[in-house]
Amino acid sequence: MNKTARPEDAPSGTSRRVPLALVALLAARALLGCTSSMEQAPPATPDPAVAPPTAQPAAAPTAPPANPSTPAAAPSSCAARIARVWHGRTRNDKAEEYTAYISSALPKFRTIPGNLGYQLMRETVGAETHFMVISYWRSRDDIRAYAGDDIRKTRHLPRDAELLIDPEQAVMNYDLAVINLDCPR
């Protein structure tokens, strides 16, 4: 008898949905629409002779100064209220091509009213490379103006069907409930 695959049956690291805790961690470390540019150059093509750096766990948040008279850093003027999270995956042999492709499309986000920036992340897991884009928005109305009434529907790039494995049809739009982050200057 054939058993239908369920997410809990998938080997560790192969789930197609991104755990909420990971999204929360990534959103907390995001640049949340600060007045400084969030745009960064796409990653360079890795040198196969150089081993990739080992991922380090995020540092624990520091406690506020013990003495209230000690000047603290001024709060940043971040205006992001929504994090729009997209996930896709490709075969490893297409990862560099997809990185270049999506990196060339992402700067257009900054021209959309209400968009406050974005991040592109990638991770190789086994034979696949996963991509995540988090874009930051002032409001759901701004996302609606960009994406249409169904803001959960993915806006696919023209070559996604060619380059991605089983392109996902939905994105997540998270309200940023807590923002405790200094924006880089």
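A search of the whole structure finds eight salt bridges. The model is predicted, so local features need pLDDT of at least 70 and side-chain atom pairs count only at pLDDT 80 or more, while totals for chains, interfaces and linings use all residues. Residues are numbered from 1 along each chain as its sequence is written, and side-chain values use heavy atoms, with hydrogens and water left out.

Me: What makes Glu 128 and Arg 89 a salt bridge?
Reply: The term requires a side-chain nitrogen of Lys or Arg within 4 Å of a carboxyl oxygen of Asp or Glu; the closest N and O atoms of Glu 128 and Arg 89 are 2.7 Å apart, so the pair meets the definition.

Me: Why is Arg 89 called buried?
Reply: Buried means under 20% relative accessible area, exposed over 50% and partly exposed in between (1.4 Å probe, protein chains only); because Arg 89 has 11% relative accessibility, Arg 89 counts as buried.

Me: What is the relative accessible area of Glu 96, and why is Glu 96 called partly exposed?
Reply: The value for Glu 96 is 31%, and so Glu 96 falls in the partly exposed class.
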